[in-house]
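Hello,

Here is the structure you will be working with. My notes follow below it.

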Amino acid sequence: MGRRKKEPAHIHRQRIAVAAETLFASKGVSVTSMDDIAKAAGYSKATLYVYFQSKEEIIGVLTLKSMEGLYECLSQALQSTKSMQEKYYLLCQALLQYSEDYPFYFKTVLEQINIDMEHSDCPKEDYETFHIGEKINHLLYDFLSEGIKSGIFRDDLVILPTIFSFWGALSGLIQLATNKETYLLQELNQTKQEFLNYGFTMFYRSITKEEYHDE
């Protein structure tokens, strides 16, 4: 215990967050208690509260981590020298990969987020998560703007509503395919990926004015 006391606070927070993430994945978030997290991390409950005030604060740290990962994936997809159509599919696959790597966080970031950043008691993680989300929106804004200017995307697109339609359509499609994977194979004779490719293509065709090419 003496060694632990000498460790920086961020080491303790990281150890606790890793333990919580493992529990969330195996047991589910709602049934995981702070007692469970303390035990898994090797701390007393009292010591746990020195580093995190609540389970929600731990979730906030993990959500921020996952959002940073999503931003990197989307950023890399858009930095490629491929066509707009290929970049679009890379974006879709990045979002799909995120949903599979971080299923809980995928659902969380699509729910209500804290946008009241004026109060001093706003958690740092909420502030950073909000701004990572804005950076992601800017990536998509630039992508759509480039497509419009190049004559590939429809010039009547209103970019910001299109971005949120993008999130809603693709995230809903991915969640549906994940929840109905067995049904899709049995009734549609399509794998999850085949169904998603079909859906991704439908959305792409709704924003493009050029003839679609199967690349």
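K45 is partly exposed, at a relative accessible area of 37%. (Buried means under 20% relative accessible area, exposed over 50%, partly exposed in between, with a 1.4 Å probe and protein chains only.) This is a predicted model: local features need pLDDT of at least 70, side-chain atom pairs count only at pLDDT 80 or more, and totals for chains, interfaces and linings use all residues. Residues are numbered from 1 along each chain as its sequence is written, and side-chain values use heavy atoms, leaving out hydrogens and water.

The structure holds 9 salt bridges. (Each is a side-chain nitrogen of Lys or Arg within 4 Å of a carboxyl oxygen of Asp or Glu.) Among them:

- K45 pairs with D35 (3.7 Å, N to O). K45 is in helix α4 and D35 in helix α3, so the pair ties together parts 10 residues apart in sequence. (Helices are DSSP runs of H or I, at least four residues, numbered from the N terminus.)
- K192 pairs with E100 (3.3 Å, N to O). The pair links helix α11 to helix α6, 92 residues apart. K192 is buried at 12%; E100 is partly exposed at 43%.
- D155 pairs with K209 (3.7 Å, N to O). D155 is exposed, with a relative accessible area of 58%.

Now helix α9, residues 159-179. Its buried residues include I159, F166, W167 and A177. Seen down the axis, the buried residues of α9 fall within an arc of 160°, so they line one face. (The arc is taken from the directions from the helix axis to the C-beta atoms.) The face turned away carries exposed F164 and N179.

Best wishes

Technical notes:
Helices (H or I, at least four residues) and strands (E, at least two) are DSSP runs, numbered from the N terminus.
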